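Dear colleague,

Please find the structure below, handed over for your own work. A summary of what was found in it comes after.

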Amino acid sequence: PMATAAALYLGIDAGTQGLKAVVYDAQARTVVGRGEIRYGLNPTSPDAPGRAEQDPEMWVGAMWQAANQALDEATEARGQHARTQVRALAVSGQQHGLVALDVDLRVIRPAKLWCDTESAPEAEELSKSLALPIVASHTASKLLWLKRHEPEAWARLHRVALPHDFLNLALTGTLRMEPSDASGTGLLDVTGLRWDEAAAALVDEALLGKLPPLIRAWEWVGTLESSAARELGLAEGLPVGPGGGDNAMSALGCGCTCEGRVAVSLGTSGTVFGRAPAAARDPTGTVCAFLDAAGGGLPLVCTLNCGTVPEEVRAGYAISLEEIQRMAEDVAPGCEGVTFVPFLAGERTPNLPTASGTILGIRAGHLASPGLLYRAALEGTTFALKAGLEVMQQHGLPKPISQLRLVGGGSRSALWRRVVADAFNAEVACPVEAESAALGAALQAAGVDAGAKDLAAWILENHDAPVSQVISPDPEGVAALQEANRLYSERVAQLHGRSTTTEVTRENTATHTTLG
């Protein structure tokens, strides 16, 4: 490729709350344009409390708008020829969502999203026959739900797509799946990288024929077709990368492309993921058996209670965020023996759906100290994430951690960054670019455009995510939090009859007869 002409790459990330686009200048190694369109869930009726749905066509409209915002901004930054310098694009998307398509590849009904729990009974039933259990988020459970609850829709089902696959279809006219997002369906043989016939047959004998062909992490899904090119003002025939699930794309964009770097997302819920040689095989289902977007595994755990827990304390005392954080900074690590078990919404890591939160170790004066309870909430949610990491390490995540990459809203708090560094006893850094999934999509497009077979190594070498706020663990803090973490584990075991790191294996361990 000509090194002189600027090479721009468009990355799209279709999330649950909105769609974001970035234009990345590969030579300057910087984002030169951004766009964002916010949206919400479809309104639901009170008689369907677990339902969470969106119209896939809404994502497509948001993609044209956000991408054009980003391309217009790039044109202001890089001159009127910016659109002609875009060489490729790729799409990241919320995982698991079921997009049901008919014989003309038109949407049959609204997409059931990852956070839709209506298919919990189906997930439980399928798990009895699967080697690795699934939860309601997995697409397989949503398919069985559709078959049982909406037989007319099921009868019209011709092809299954995930959210990012549907956007690829709008861009290229081609429907394919790639390993990272396919690994969230519950229907992929993650070692052989092919559809698991036995798992598909548990849902329906005809399902296998409705799953799209699979492509590899370094293959194009297709090229920009004429109507999409017109929407974006880009050249027809531009290559479109395979894209991937948002966690896999985020790993590319936040620099977790090599073993030893682990991403910790401090959002509403908490997530920990990192690159491993292969997908995790956790018989309890605590560690997700995801694949990354570069030919490796992406073990991942999710805690339901993260940013919501300290926020509950702040709101309860009606103090501003700045003020309560300042108060909490004056509290010594370990919070004078107060343990905040953060399971306010029940928990999935460890699997305690009916659990609630508990504050233990309270002495006189503690309830009058919002700073102490706020810090205890930060410590408790962090210990829960650390317990998740320890389970991941039992299931294939390489042990030594060179650096934790913090993303999500909580990463903006200097205090929380400090708690994470000391609790994990590891260096912590924040990627400069907050939109790691959209950036990851742009980097994937650049890597596939460069002909890189080993995307992880190529990104690490050429486009490693820059970081800021690098902090090292403080020995005194580490010692104090080690003790506090020991107390936390002990108290969780007393309350919930199990340790935080070792999951009770399900009694109905899968028989190998069903899966051949």
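Predicted model: local features only at pLDDT ≥ 70, side-chain atom pairs only at ≥ 80, totals over all residues.

Residues are numbered from 1 along each chain as its sequence is written, and side-chain values use heavy atoms, with hydrogens and water left out.

**Overall fold**

The chain contains 17 helices and 23 strands; helices (H or I, at least four residues) and strands (E, at least two) are DSSP runs, numbered from the N terminus. Its radius of gyration is 23 Å, which agrees with the value near 24 Å that a compact globule of 516 residues would have. That radius is taken over C-alpha atoms, and the globule rule is 2.2 Å times the number of residues to the power 0.38. Along the principal axes, the C-alpha trace spans about 70 × 55 × 40 Å. Of the 516 residues, 58% are buried, a term that means under 20% relative accessible area, with exposed over 50% and partly exposed in between (1.4 Å probe, protein chains only).

Strand β1 (residues 8-14) runs antiparallel to β2, and seven bridges join them. Two strands count as paired if DSSP finds at least two bridges between them. Four residues separate the strands in the hairpin of β2 and β3, where Arg-29 takes a positive phi near 50 degrees. Seven of the eight residues of β2 (residues 18-25) are buried, so this strand is largely enclosed by the rest of the structure.

**The six-stranded sheet**

An open sheet with mixed pairing is formed by six strands in the order β16-β15-β14-β21-β22-β23. Its edge strands, β16 (300-303) and β23 (467-471), each pair on one side only. The twist from one strand to the next averages 20 degrees, where axes are lines fitted to C-alpha atoms, for helices over the stretch in contact, and angles run from 0 to 180 degrees between N-to-C directions. Within this sheet, β14 (residues 261-266) and β15 (residues 270-274) run antiparallel and are joined by five bridges. Val-262 stands opposite Gly-274 in β15.

**Helix α5**

In helix α5 (residues 163-172), 10 of the 10 residues are buried, so the helix is largely enclosed by the rest of the structure. Among them are His-164, Asp-165 and Asn-168.

**Cavities**

On a 1 Å grid over the protein atoms alone, a cavity is a set of points where a 1.4 Å probe fits but cannot get out, and lining residues have an atom within 4 Å of a point. Grid points are joined across faces, edges and corners, and a volume is the space filled by probe spheres set on the points. There are three cavities of 30 Å³ or more, and the largest cavity holds about 60 Å³. Its lining includes Phe-340, Glu-379, Phe-383 and Tyr-488. The elements giving two or more residues to this lining are β17 (339-341), α12 (370-394) and α16 (475-496), and α12 provides the largest share, four residues. The lining divides into seven nonpolar, three polar and one charged, where Ala, Val, Leu, Ile, Met, Phe, Trp, Tyr, Cys and Pro count as nonpolar, Asp, Glu, Lys and Arg as charged, and the others, Gly among them, as polar.

With kind regards

Definitions and conventions. 1 Å grid on protein atoms, 1.4 Å probe; cavity = no way out; pocket = protein on both sides within 12 Å on 5 of 7 lines; lining within 4 Å.
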